[in-house]
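This report walks through one predicted model. Look at the sequence and the fold, then follow the text strand by strand.

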Amino acid sequence: MPYKIYCGLLLLLFVMSCSDVDANNGKQNILLGIDKITTEKYNLLKGKKVGLFTNFSGRTAKGILTAEVFAKQNVFTLKYLFSPEHGFFGGQHAGEKVDNQEIFGIPVISLYGSSRYPNIDILKELDVIVIDIQDIGIRSYTFLSSVNYMLAACAEAGIPAIVLDRPNPIGGNIVDGAVTQAGFESFMSLLPVPYIHGLTLGEISKMMNEEGWLKTKSGRIVKCNLTIIKMEGWRREMRWEDCGLLWFPTSPQIPTPDAIRGAAMLGIFGELGILNIGIGTSLPFQYIGMPGLKVDTIYKQLQDISDNGVLIQQAHFKPFYGRFAATNCQGFILRFPNSDIFKPYTSGVKIMLAIRKVHEELFELDKIDKSKKEMFIKVTGGEELFTRLFIGASDSDVLAAAQLGLPEFMMLRKKYLIYN
C-alpha cells in the first residue's frame with residue numbers, strides 16, 4: 001500500500017473517531033483538570049515560573065493544546081515544556097530517541113533522549129511542575145514511567161507538582177493482568193501494578209507518591225508535594241466515548257480508543273514476533289494473524305471470548321509494514337462493543353491459548369529469539385507468563401500466571417480512588 005494512501009486511511013480513522021464522539025451526544029460531558037485550572041484563573045500558578053510536562057494529547061475539553069493555552073496566558077511564566085516517548089507531537093515510533101525542540105517559543109526538553117530522568121538543575125529554576133498528559137491505562141505505555149520520574153525529580157529538586165487529571169480511556173472499573181514481579185522492574189514495567197490498572201493519572205500519581213514508589217536516580221525513596229486537580233463529571237464506568245471529548249493520537253499506533261483496547265489485549269504478544277497484531281495496517285492492535293493460520297479451527301475455540309466484551313471475527317489482511325509485510329494474512333479482527341465485563345488482558349491470553357492448541361509449532365521455545373523473549377518479559381513485568389506459555393503448561397496455569405498479584409492490588413487500589 002503506498003505511504004500516502006496509508007496515511008489517508010489513518011486520517012480517516014481519526015475523523016471517524018471524532019465523529020463517533022459527536023454522534024454520542026455532541027456535548028462536553030466532563031471538565032478536565034486543565035479546564036478547572038483555567039476556570040479558576042490559574043490561582044495556583046500566579047506569578048510563578050512553571051514547567052509543563054505534556055505532549056500532543058494534553059488538551060482542553062475543546063481540543064486546544066494545553067501547551068498553547070499556557071504559552072499564551074500572562075498570569076505566570078512558562079519556562080519549559082517536557083515531553084515523553086514519541087515526542088511532543090507523538091510522531092516518533094516506539095523506542096526512537098526524541099530530541100529537544102522548541103514550540104510556541106518555549107524550549108521542549110525530551111525525557112526520552114539522552115536521559116529519561118529530568119535534569120535537577122533545570123527543575124531548580126522553576127517554582128512548580130504541571131503535568132497534563134493523556135495516559136492510556138496500560139502499564140507498559142511509558143508515559144506513566146516518565147510521570148513517575150518527573151514526580152521523583154520534583155521531590156529531589158524541592159518543588160511541588162500539579163497533576164491535571166484526565167480520563168482513563170479504557171474506563172475506571174477494568175483492572176486486569178498480573179502485577180509486576182519484584183526484580184523485573186523496567187521502564188516498561190516500573191510499578192507494582194497490573195497491566196491494566198483502571199486508575200486515572202491523578203489516582204495512580206497519588207498511589208506512587210504515598211506508597212513509596214518514587215525514587216531518585218540513586219535509588220533514594222522520596223515523596224513529592226503533590227496536588228491533583230480533579231475532573232468534574234467523570235465516573236468510573238465511563239469509556240472514552242462517553243466523555244464527549246475528541247481523541248487525539250498519543251503515539252503512531254494509538255490513533256483511536258479502539259487501538260487502546262486492542263493494545264491492552266494483544267500488545268504484549270507483538271513482542272514475540274510470532275504473529276502480526278495489526279501493526280502496519282489501518283487498524284493497529286485490532287487484527288491478529290499470519291499466512292496460513294488455521295482460522296476455522298481456531299475460531300471454534302474463541303466463541304466464549306466474544307461474550308467477554310470483544311467481538312472476534314475471521315478476517316484477511318495485508319500489513320503495509322512490520323511482521324509479514326506485503327503478505328496476505330489469515331486471522332481475526334477485533335471489535336469492542338460497550339461492556340461491563342471486558343477483561344482485555346485475560347482475553348488476549350485466551351486468544352493465544354486457542355492458537356497454541358492448533359499451532360503448537362509457534363510455541364517451541366527454541367524458535368523464540370532471545371531479544372524478543374527479553375522484551376516480552378519486560379512488558380509483562382515477569383517471566384511466569386512466558387515460561388508457562390512456552391513449556392506447555394495447562395491453560396489454567398497460564399491464565400493463573402496472567403493474574404498474579406491482582407487480588408492484593410485490588411485491596412490496595414481502594415485507598416486511592418478519587419472518583420465514584
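Thr54 stands opposite Asp132 in E5. Helices (H or I, at least four residues) and strands (E, at least two) are DSSP runs, numbered from the N terminus. The model is predicted: local features need pLDDT of at least 70, side-chain atom pairs count only at pLDDT 80 or more, and totals for chains, interfaces and linings use all residues. Residues are numbered from 1 along each chain as its sequence is written, and side-chain values use heavy atoms, with hydrogens and water left out.

**Strand E5 and its partners**

Strand E1 (residues 49-54) runs parallel to E5, joined by five bridges. Strands count as paired if DSSP finds at least two bridges between them. E5 also pairs with strand E6 (residues 161-164), again in the parallel sense, over three bridges. There, Ile131 stands opposite Val163 of E6. From E5 the chain crosses through H5 to E6, and this β-α-β crossover is right-handed. Right-handed means that, with the strands pointing away from the viewer, the path from the first strand over the helix to the second runs clockwise.

E5 covers residues 128-132, and five of its five residues are buried. Buried means under 20% relative accessible area, exposed over 50%, partly exposed in between (1.4 Å probe, protein chains only). Val128, Val130 and Asp132 point one way from the strand, while Ile129 and Ile131 point the other way.

Asp132 is buried, with a relative accessible area of 0%. Its side chain makes a polar contact with the side chain of Thr66 at 2.5 Å. A polar contact is a pair of N or O atoms within 3.5 Å; within protein, one must be able to donate a hydrogen and the other to accept it, and residues adjacent in sequence count only if both atoms are side-chain atoms. Leaving aside neighbours within four places in sequence, Asp132 is in contact (heavy atoms within 4.5 Å) with residues including Arg59, Thr66 and Arg166.

**The core**

The largest nonpolar core has 143 residues. Such a core is a set of buried Ala, Val, Leu, Ile, Met, Phe, Trp, Tyr and Cys residues joined through side-chain atoms within 4.5 Å. Ile131 is among the residues with the most contacts inside this core, as are Phe70 and Ile355. Helix H5 (residues 143-157) gives the most to the core, with ten residues. Not counting residues up to four places away in sequence, Ile131 touches Val147, Met150 and Leu151, among others.

Which residues have a positive phi? His86 and Phe104 do. Most residues other than glycine have a negative phi.

| Residue | Phi | Relative accessible area |
|---|---|---|
| His86 | near 80 degrees | 6%, buried |
| Phe104 | near 55 degrees | 39%, partly exposed |

His86 is found in the loop between E2 and E3. Phe88 sits in that loop too, between strand E2 (77-83) and strand E3 (101-103). Phe88 counts as buried at 1% relative accessibility. Phe88 and Ile103 are 15 residues apart in sequence and 9.0 Å apart in space, C-alpha to C-alpha.

**A second sheet**

An open sheet of three strands has the order E10-E12-E11, with antiparallel pairing. Strands E10 (287-290) and E11 (311-317) stand at the edges, each with a single partner strand, so one side of each is left without a neighbour in the sheet. E11 is joined to strand E12 (residues 329-335) by seven bridges. His316 has Gln330 of E12 as its bridge partner.
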